[in-house]
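Work through the exercises below with the sequence and the model open. Try each task before you read its solution.

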Amino acid sequence: GGAAADPTVPEARRLYDQGITYLYTAVWIEAARALHQALRLDPSLAAAQAALSVVYTAMHRPEEARAALAAAERLAATAVGADRRRVDLRVRQSAV
């Protein structure tokens, strides 16, 4: 059991990766769409929330950016590895 056996998690990771690709190419609406889809499949994906905060910042939606970052921080409290590092990095970036 657990998340590793959950068949939706690989799809969530694929959608997250797709969202990141859109983020890096400044296709904000598609990035937000893919990241939201990833979170629907895996609500514990802290890195997707952190990435959404970047997207919302770029879209000049500061309230949503702060909410996404706060959600990422809550999720990161139980996240490990790369997800935790991504959230920690985004928190440091937003403090600048």
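**Exercise 1. At what angle do helix α2 and helix α3 pack, and how far apart are their axes?**

Step 1. Find the helices: α2 covers residues 28-41 and α3 covers residues 46-58. Helices are DSSP runs of H or I with at least four residues, strands are runs of E with at least two, and both are numbered from the N terminus. This is a predicted model: local features need pLDDT of at least 70, side-chain atom pairs count only at pLDDT 80 or more, and totals for chains, interfaces and linings use all residues. Residues are numbered from 1 along each chain as its sequence is written, and side-chain values use heavy atoms, without hydrogens and water.

Step 2. Read the geometry. The two helices pack at about 155 degrees, with axes 10 Å apart. Axes are lines fitted to C-alpha atoms, for helices over the stretch in contact, and angles run from 0 to 180 degrees between N-to-C directions.

Step 3. Name the arrangement. That angle makes α2 roughly antiparallel to α3 (under 35 degrees is roughly parallel, over 145 roughly antiparallel, 65 to 115 roughly perpendicular, the rest oblique).

**Exercise 2. Which residues make the contact between α2 and α3?**

Step 1. Contact means heavy atoms within 4.5 Å. From α2 come Trp 28, Ala 31, Ala 32, Leu 35, His 36 and Leu 39.

Step 2. From α3 come Ala 48, Gln 49, Ala 51, Leu 52, Val 55, Tyr 56 and Ala 58.

Step 3. Now think about spacing. An α-helix has 3.6 residues a turn, so residues three or four places apart point the same way.

**Exercise 3. Is α3 mostly covered or mostly open?**

Step 1. Set the cut-offs: buried is under 20% relative accessible area, exposed is over 50%, and partly exposed lies in between (1.4 Å probe, protein chains only).

Step 2. Count. In α3, 10 of 13 residues are buried, so the helix is mostly covered. Among them are Ala 46, Gln 49, Leu 52 and Tyr 56.

Step 3. Of its 96 residues, 36% are buried.

**Exercise 4. Is Ser 53 buried or exposed?**

Step 1. Locate Ser 53: it lies in helix α3.

Step 2. Check its accessibility. The value is 0%, so Ser 53 counts as buried.

Step 3. List its partners. Beyond neighbours within four places in sequence, Ser 53 is in contact with Ala 65, Ala 68, Leu 69 and Arg 90.

**Exercise 5. How many helices and strands does the chain have?**

Step 1. Count 5 helices and 0 strands.

Step 2. Write the pattern along the sequence: α-α-α-α-α.
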